[in-house]
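Please read the points alongside the structure shown here.

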Amino acid sequence: MTATVLSGRRVVVGVSGSIAAYKAVSLARLLCERGAVVDVAMTPSATRFVGPLTFASLTHRPVVTDVLELDADQQIEHIELAEAADAIVLAPATANLLGELAAGLVGNAVTAIACASRAPVVVAPAMDAGMWTHPATQRNVATLREFGYIVIDPEVGELASGLTGIGRLAEPAAIVDAVERLFVRTGSLEGLSVVVSAGGTREPLDPVRFIGNRSSGKMGAAIAESARDRGASVTLVAGAMSVAPPRGVTVVEATTAQLMREAIIRAAPDADILVMAAAVADFAPARASQRKIKRSGDNLQVELVPNPDIVAEVGEMPDDVRPFLIGFAAESDDLEANAAAKLRDKGLDLIVGNVVGGPFDAIGSDENKVTVFGAEGPLTDWPMLPKRQVAERLWDLIGDRYRRRRTEGDGGPARTKGRRRS
Ligand code: CTP
């Protein structure tokens, strides 16, 4: 079998109870032919249209039909599948399934997997035309799009009722195309050297204590991972992180602002693109005590001195060494004005802003809602998305801007640098 973008990918096909369930058989077969490892989950009503044995025989894997099922290792099957999935395809998706997904109701194996997973979801609805055009269905579809789901609209044609109208499941080949597009990296970063900083810095007070922040490094890790998958040679300058760095990237540990500065200033001249996602402490104790500070009963005064602004220093580098520069801004108020000021003052090409301190806390979360700003103002209007999907969208945008800068040949910083690393 020739390698395709789906080779080795774990794809979950969720089938719900529509007459179009028979087309999910072709869909599963096509996905298997392209090299995907396909697991099928079915709602109870789907099993009345097509037998699970049909899917099991095609995919050579067990089919999940019961949300309360345990697998051979006594693990909860739908959670295992949700975590392992690289993509989820819900086809056919009935009006009822759309409603359940939009409302977060997880009473069957299909909705439970979709809800528990952070993998991208493709939904291909199929139903009667009247149901499809009903405002409730349209509202549910809009909600799913807000979640970041990719909805493949049904087609016009003859329906099970004998009437002609909109509601037919899209052709399996079109659904496979949509799944493949999830993995085709637009904006390849092949041949580029990318440096990403992630996590928070810890500024020592004494041998055991530090001043730090709650940054988890998840956003930066996702950005590094996505750049790696697009073919870039990636260096991750890692502060304190609560997640493991992605495999296949060069990791430079830098847990204080000073160490991070050294690592970034050393790496920047060889980098084509620098994404400064780390939460760098703005201040550090003037002196770290060599000995553990003892409780004396008195107030303790700690003098804090400013840390270097790392990204601003890179922003001032001469054009022939300055990488294309992306900063982050986490703001509790006035995101647009503050992001614009940071973009200008730090000499950035783009800045990724998010609101902190509100009801949603992005720090440590697996999801984030960001707006990217350029010199001309806000460039995006993205919903709340899993951080990995934020990273994908960021690279689509950054890659595009970077290439535009390079082809314009405006003497700006964007050009492929001589690679010194292997
Ligand atoms: N940054 C940096 N060096 C610092 C502080 C921040 O390189 N000493 C970078 C961050 O990695 C981020 C951007 O600057 O990409 C904005 O960080 P932020 O902490 O929001 O900016 P500050 O300039 O510290 O502004 P504030 O006063 O709002 O904290």
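1. A polar contact is taken here as a pair of N or O atoms within 3.5 Å. By that criterion, a backbone N or O atom of Pro-308 lies 2.8 Å from a nitrogen atom of the ligand. An oxygen atom of the ligand is 2.8 Å from a polar backbone atom of Ala-278, and an oxygen atom of the ligand is 2.7 Å from an N or O atom in the Asp-282 side chain. The protein covers 76% of the 570 Å² of accessible area that the ligand has on its own (Shrake-Rupley method, 1.4 Å probe).

2. The model is predicted: local features need pLDDT of at least 70 and side-chain atom pairs pLDDT 80 or more, whereas totals for chains, interfaces and linings use all residues. Residues are numbered from 1 along each chain as its sequence is written, and side-chain values use heavy atoms, with hydrogens and water left out.

3. The residues surrounding the ligand (a heavy atom within 4 Å) include Met-276, Val-280, Ile-310, Phe-328, Lys-342 and Lys-346. By class, this shell has seven nonpolar, one polar and four charged residues, where Asp, Glu, Lys and Arg count as charged, Ala, Val, Leu, Ile, Met, Phe, Trp, Tyr, Cys and Pro as nonpolar, and the others, Gly among them, as polar.

4. Helix 11 (310-315) and strand 16 (324-331) each supply at least two residues of the shell; helices (H or I, at least four residues) and strands (E, at least two) are DSSP runs, numbered from the N terminus.

5. Ala-102 counts as buried because its relative accessible area is 19%, the cut-off being under 20% (1.4 Å probe, protein chains only). The C-alpha atoms of Ala-102 and Glu-146, 44 residues apart along the chain, are separated by 9.7 Å.

How values were computed. Polar contact = N/O pair within 3.5 Å; in protein donor to acceptor, adjacent residues only side chain to side chain. Buried < 20%, exposed > 50% of the residue type's maximum accessible area, 1.4 Å probe, protein only.
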